[in-house]
There are 2 protein chains.
Amino acid sequence: MLDKVLNAKSVAIIGASKNKTKRGYQAIKTLLADGFEGEIYPVNPKEDKILGLTCYRDIMDIEGDVDLALITTPARTIPDILKRCGQKKVAGAVIIAGGFRELGDKGKELEQAVVKAAQKNGIRFIGPNTSGMINLKTNMNLVGIQNAPLGNIALLCQSGNMALTLITEATIRKHEGFTYYVGVGNESDIKFHEYLEFFRNDPDTKVILMYVEGMSEGRKFLQEAYKTSIKKPIVLLKSGRSATGKRSAGSHTGSLAGVSEVAKAAYARAGIIVIENSDELFPVAETLSSQPPIKNNSIAILADGGGHATIAADLLSDYKIFMPQLSDKTQEQLRAILPEAASVVNPVDVAGGTDADPSLFADCVKIIIKDPNVGGILVVGLFGGYGIRFDKSLAIGEEAAAHRFGAMVKKRKKPILVHSLYSSHESRALDLLRHYDIPVHDSLDISCKCVASLCQYGNYLKSYHAKTNFVFNWKNRAKEKGNLIIETARQEGRHVLLEHEAKQLIKLHGGQTDVGQVAKTENEAWEIAKKTGNCVLKIVSPDILHKSDSRGVKLNLGSEKEIRNGFQQIIKNSLAYNPQADIRGVLVAPMAQKGLEIIIGTKTDELFGPVIMYGLGGIMVEIMKDVTFWVLPVSPAACRKMIEDTRSSVLLDGVRGQSGYDKKSLRKLISICSELIESYPDIEEMDLNPVILYEQGLDVVDARIILKK
Amino acid sequence: MLDKVLNAKSVAIIGASKNKTKRGYQAIKTLLADGFEGEIYPVNPKEDKILGLTCYRDIMDIEGDVDLALITTPARTIPDILKRCGQKKVAGAVIIAGGFRELGDKGKELEQAVVKAAQKNGIRFIGPNTSGMINLKTNMNLVGIQNAPLGNIALLCQSGNMALTLITEATIRKHEGFTYYVGVGNESDIKFHEYLEFFRNDPDTKVILMYVEGMSEGRKFLQEAYKTSIKKPIVLLKSGRSATGKRSAGSHTGSLAGVSEVAKAAYARAGIIVIENSDELFPVAETLSSQPPIKNNSIAILADGGGHATIAADLLSDYKIFMPQLSDKTQEQLRAILPEAASVVNPVDVAGGTDADPSLFADCVKIIIKDPNVGGILVVGLFGGYGIRFDKSLAIGEEAAAHRFGAMVKKRKKPILVHSLYSSHESRALDLLRHYDIPVHDSLDISCKCVASLCQYGNYLKSYHAKTNFVFNWKNRAKEKGNLIIETARQEGRHVLLEHEAKQLIKLHGGQTDVGQVAKTENEAWEIAKKTGNCVLKIVSPDILHKSDSRGVKLNLGSEKEIRNGFQQIIKNSLAYNPQADIRGVLVAPMAQKGLEIIIGTKTDELFGPVIMYGLGGIMVEIMKDVTFWVLPVSPAACRKMIEDTRSSVLLDGVRGQSGYDKKSLRKLISICSELIESYPDIEEMDLNPVILYEQGLDVVDARIILKK
């Protein structure tokens, strides 16, 4: 659908100009200079020719078809221009102008007018407030960044300066480049997820590289990302994490900055490689575009000196990547070719063994790469610089090794990455490695991050379940009784379910909870209580949400006197708290036994839609913020992972000789919450707090469900 | 004391050679090529002349004084050579050879022989197993790394490859360089702390840059670092943090890899700037060597585009650096010179305002730097590249701005740092910034880390207390009764104090604890208990350390029957657990009331000596590992900081309407532990677990003290 936009065969420049400082001049100049393969139609009522091309007074005067209009005129002119474009049956537009929502209400109105005009006239557009777009395959350069190298990375970027940064980096590194660059701008029409779909289906794109400040359709983006990342990796930097960062992003493009923890969980679930350090963004994309993913989360390090190996081992440990001991056979073979002082465990240190002939590096790599424990190899140190540092003649051996590295990557489907101190020097051996698509970096930090991203992507591919996705099958398991509970609340004008209603809803779907019974009188309370045993009494009123604050809760009551007194006091306290309260009675429920307190909540994230949170309860754990998030719906594997991803999960298995807790019931309860959200789209958020977990079973002790307003 | 070694005026090359591949040839060649200002004496019995210099058969044949001997011969020859050097009254030596402790027991023996020979002959030496040493001020290059630039950073490095990495980086960056490089090697004689002392007193050294794998005298190092970092910053990367990293470091130089959490606390306390990413090591040192520290932990960002500002704001927030709103006056002044779309809060975005004339950057910086809320400025974006990216003519304005930046740093004593996409391009403006000692980086990550290090150093200088240091005033407050308790244990051949002894010791120094009384019989137990109220009974036996494991503890006993039964059962259980146990009786102590459980422990770290740990108790908190460490002794400020540095410290202040806990008593107890360690050097470790903290006061409920063996 975006084909005519991103692969346009003809471009009209609306606002073409002879003034060299104007975008409408520069765009034509760049298209000519880069050798755009399609037609270029300058449009300006006042000119006849620009840069040797016929200039049209109006877009309708153009004889041929126009796929794309590059509009360089000011914001207020856009709606009219889109109308003219519609008459010409233009498929798409790139709107450069700023001055829309980023300027406040008035700009917002204008932006809406632009969107409306585009829709009415069947035009899809990029921007506004964008630096433009480049298709490097057809040399359609609508940005004016020169010398962007062709390659296999698609770049989606919400900041012109970051695009310039990444393209400049690619130019300096002289290896990998881009298929497309799209400056997403305000994302008013074409959204991130649509670009993603397009790049998924583009055969030349191997990796999608994204810089995101804000996004408007998070859920759809996740769904497309989920479909995409199984085919090709998505590398993403989300900025605006911090309060000041948001302030900064807010003054530019972008709408909503995702809450960090939820966003992290969401992106991870969709298989996206999230980057936090901008230095790593391009190298990681480059590595993923060329190297096979690592399947067993393990790497071997080959070093020609201690320091680099030690630093790399530390960093890789931080990433939780395994550095397996090499097999006996591997160690023996290495021993046979390396000096006595060499270390043949992992990291392998050649200890001067390569000083006389660096082609020995290839012999070592060949031995190590065959080891079945090893998922890939990171070479660290001076490789590629022996000819520079020691003696020119050594360069020959390095070049021979580089050729063999290239052959081995191809044959073994295991990645080789090279850290070299001499990465920015002139080195034929390193150029050869680049030719063979082997990543070369002079930063240990970045080399290790690249290894980590290959592991992360490999782990994701292994754990991918085609069945789970981000699409809701709304109402699929709703129950008649459940609908009735919600309808009743709606009819009463409530958007909060009463505690016993919420618990009933949970129970309907198989959740373990003692709902209790509502007593309207003191006598009823005692009648219920004497069959229950030790009781808790809680006020039932749609006007009192914070039951404890109103002193509307009494714990651990048993005798008739306690129950009757309790009932009276609760009613009295509640009326004192809110004399107008509509009091429905008092909920009588059995006291929960001691167990492990946990909390489960769902909410509707502004960006990603329904998400769920799980964590241990209690004040201390709340302070530690030891919780995990997941974007709903959940799979059984996801329930397991949510629990495992808390630091406190060891408690559930039992520590210090204590018996463990019923993780199966817990997983089931998380699933039930997911099912509830799917069954009743009316639910805005749920709060199960606390849930008491036992060795066998659990009890949802309190629950609150809030409906959408 | 190291002056004659590091500032030697004459060097003898023992093992001088005509063979070009030998170190003994290369060293002489480098000294000649670099123009060493002192005397060079080749020593080799078989040669007459090497590289035009007279070669001596024996060191004794040299007419002049010899300050330093560079010994390039194999390991086994060293002790004899040192003897000859001693006869010649040589002050120091650099021992290149490997083959010592890193090869196991035999190597260790040889290393000890070398140390002994050196001591006997009054020679201080660097190494062994080192790449050598360079004094860049006198061109005494004993390493063979060429083109190392002179500057004001002293480099202490425990890996030849890391030294090469850092020196190469300095060469590429073409700005900052070194006063000295010392390859510390096995640190057998001259230790890290001695080098530190030397560099502290070297007027040309402004920053000390360290790469450490292992260290042998941690406490002395901390003490010297403490004295040094108040005068000049120490920047340190400690590798071998991870298990694999240690394995890697172990196969090379270095002895003991410090435990990470303790090491972090120790280094921080000594004011050391600890770096974890090796890419940041040199840039941070360079920045600290040239820029004034930031005094109020705050920075302003000046940007010419959204993306960079947002990313920088995120990173700086991660470092907990404050980005203050600019004052009204500052905002007004910026408004007056910037276009309407500009953002004049912090980050400031010029929004195209500099496009026509980048000298406007200097106007903005001038306005912002005067704002009293602002501690420094980070310029991010394209500065220095306007002439490259847009139009050559713009370079003039950039150069004018660069000159003004330089003048402002000098005048205002506030740092300016520049991130520029064009850092590795040819740019006169950026060269000018470097001339004015303004750090320029093309990495946002590194720029922000440099800002963070200026803040960290500034914060340290502000919080520095001259009174606290790492020196113990051993036994300064020991008490006679306390000594008696320890002596008693010693006389009985015990290295563990019994619980009541440990508690008595704590109480002697003012700690709040109910020691209880030891009952030898059931009757005695009841006699004590009836005066006590609710009791806990615990077995007292030097042979039973884990009282609970032996079922030797009974809680919450009150009645005569409970006490008598309890006493009997404890004795019975304990004898069943260990029939040979020397049972001294049963400790009868009052049951502690409910409160907040905390733990305090001290241990003797192999590297740093006595350290203390504080944290909340209870299983959950143990799982969360929410504890802080400090190297003893502690100051009152340290006690406060230890408590504040736990995430759980908010609990102590009272949350959710709960009242808080007695932090004053807690701080006092931490001080008392410090005092105990100083008073009784015999103590190896203490474990106060649990301590129950109340609204008023606290109670040390259980305590264990272990003496040195």
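1. Start with the buried residues of H15(A): they are A:Leu394, A:Gly397, A:Glu398, A:Glu399, A:Ala401, A:Ala402, A:Phe405, A:Met408 and A:Val409. Buried here means that 20 or more other C-beta atoms, placed from the backbone, lie within 10 Å of a residue's own. Helices (H or I, at least four residues) and strands (E, at least two) are DSSP runs, numbered from the N terminus.

2. Before going on, keep in mind that this is a predicted model, where local features need pLDDT of at least 70, side-chain atom pairs count only at pLDDT 80 or more, and totals for chains, interfaces and linings use all residues. Residues are numbered from 1 along each chain as its sequence is written, and chains are lettered from A and ligands numbered from 1 in the order in which they are written.

3. What do the buried residues of H15(A) pack against? Their partners in chain A are helices H13 (360–369), H14 (386–389) and H16 (428–435), plus strand S18 (416–419). Just after H15(A) comes A:Lys413, with a positive phi of about 55°.

4. Between them, 17 residues of domain 4 of chain A are in contact (C-beta atoms, placed from the backbone, within 7 Å) with 18 residues of domain 5 of chain A. On the domain 4 side, H19(A) gives the most, with five residues.

Technical notes: A residue is buried if 20 or more other C-beta atoms lie within 10 Å of its own, exposed if 12 or fewer, and partly exposed in between; C-beta atoms are placed from the backbone. Two residues are in contact if their C-beta atoms, placed from the backbone, lie within 7 Å.
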